[in-house]
Amino acid sequence: MTHQSFHLGDIRLQSGHDIPDAVLAYQTHGALNSARDNAIIYPTSFAATHKDAAWLIGPGRALDPDRYFIIIPNALGAGLSSSPSNRPASMAGDSFPPVTIRDNVLQQHRLVTERFGIDRLHMAIGWSLGGSQAFEWASAFPDQVERLFTFQSAARTSRHFSIFFDSVRAAIMQDSEFRNGLYIRQPERGLRTAARIYAAWGFSQAFFRRRLDETALGYASMEDFLTDFWEGWFLKRDANNLLAQIWTGQHADISANEIYQGDLDRALGSIQADAIIMPASSDLYFPIADAAEEAKRIPGAELRVLETDWGHVAGEGLNEADTAALEQSISDLLRR
């Protein structure tokens with residue numbers, strides 16, 4: 001199924017910059033019922049598209065299109081919605097304006113309300129940076145989100161994770177082919193270096209100790225794993241799009257707006273949705289302690305830990321045990 005486009009016109013961002021003739025790309029699964037109360041919003045994760053999110057959707061799955069109307073909006077800057085790679089030359093390189101999770105969610109809200117006439121969501125769900133957007137949905141529109149499910153995510157990016165993102169940014173930008181974003185061809189060496197930085201962080205120490213790259217994913221060697229799995233993923237992305245998404249990820253903060261003015265406790269406390277916050281036990285980006293601090297500030301939220309050796313990537317559907325645990329938790333939330 002190909003994606004659809006919602007034309008936003010000229011939009012003003014939190015930074016005060018504009019994106020002229022902006023477009024929000026999205027895909028839907030299932031049908032909106034007559035009461036318009038079965039809609040689920042499922043924003044995309046870092047540098048991902050709606051295709052990357054589809055693994056969690058299907059008949060008989062927790063996100064069942066026979067029961068729910070599932071909307072997957074592609075994040076601004078990730079390549080399908082307005083992004084550095086598809087804008088005019090005047091917005092090339094670092095001329096593409098910084099986009100926040102709030103910028104994304106405000107435009108997603110227009111899609112939900114203007115295109116579909118939906119005034120209340122059955123659930124907001126997301127993994128990683130998609131989860132940050134789900135948090136934003138529940139905080140920005142507390143009376144419009146009934147349920148919130150975030151997995152391996154955060155309402156505010158930690159200082160530790162921001163430093164990690166800086167290393168990925170530097171790897172790309174220090175490639176001589178990058179040319180301040182005005183490259184003639186993709187800075188492949190920088191992208192490959194960024195991929196290897198990511199490789200040590202996306203999974204966990206236990207994943208590598210148990211050699212799950214070989215026994216579970218079928219790679220013959222570590223080099224095969226790094227080249228195919230990680231470099232292959234990065235080389236499919238545009239460098240400027242990655243940098244735009246890194247900026248969004250580093251500045252993800254549901255309290256960074258005129259309503260909450262940096263008060264994260266108040267932003268989390270505003271959430272009215274029935275919530276399950278699900279960190280992974282071995283996630284090196286979003287540790288349990290951080291998730292627990294956020295969950296306890298959301299009235300009535302449940303902290304439910306995914307016990308896994310697959311680290312952050314446990315949220316990508318690569319192994320049956322983690323997928324089953326995630327889907328069971330989503331189903332539990334949808335039933336209550």
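## Ground rules

A residue is called buried when its relative accessible area is under 20%, exposed when over 50%, and partly exposed in between, with a 1.4 Å probe and protein chains only. This is a predicted model, where local features need pLDDT of at least 70, side-chain atom pairs count only at pLDDT 80 or more, and totals for chains, interfaces and linings use all residues. Residues are numbered from 1 along each chain as its sequence is written, and side-chain values use heavy atoms, with hydrogens and water left out.

## Strand β6

Take β6, residues 147–151: five of its five residues are buried. Arg147, Phe149 and Phe151 point one way, Leu148 and Thr150 the other, and all are buried. In a regular strand, side chains alternate between the two faces of the sheet.

And the neighbour? β5 (residues 123–127) runs parallel to β6, joined by four bridges; strands pair if DSSP finds at least two bridges between them. Trp127 has Phe151 of β6 as its bridge partner.

## The whole chain

The chain has twelve helices and eight strands, which are DSSP runs (H or I, at least four residues, for helices; E, at least two, for strands) numbered from the N terminus. Its radius of gyration is 19 Å, close to the 20 Å the globule rule gives for 336 residues, so the chain is as compact as a globular protein of that length. That radius is taken over C-alpha atoms, and the rule is 2.2 Å times the number of residues to the power 0.38.

Of the 336 residues, 57% count as buried. For contacts (heavy atoms within 4.5 Å) between residues at least 6 apart in sequence, 73% join residues at least 24 apart.
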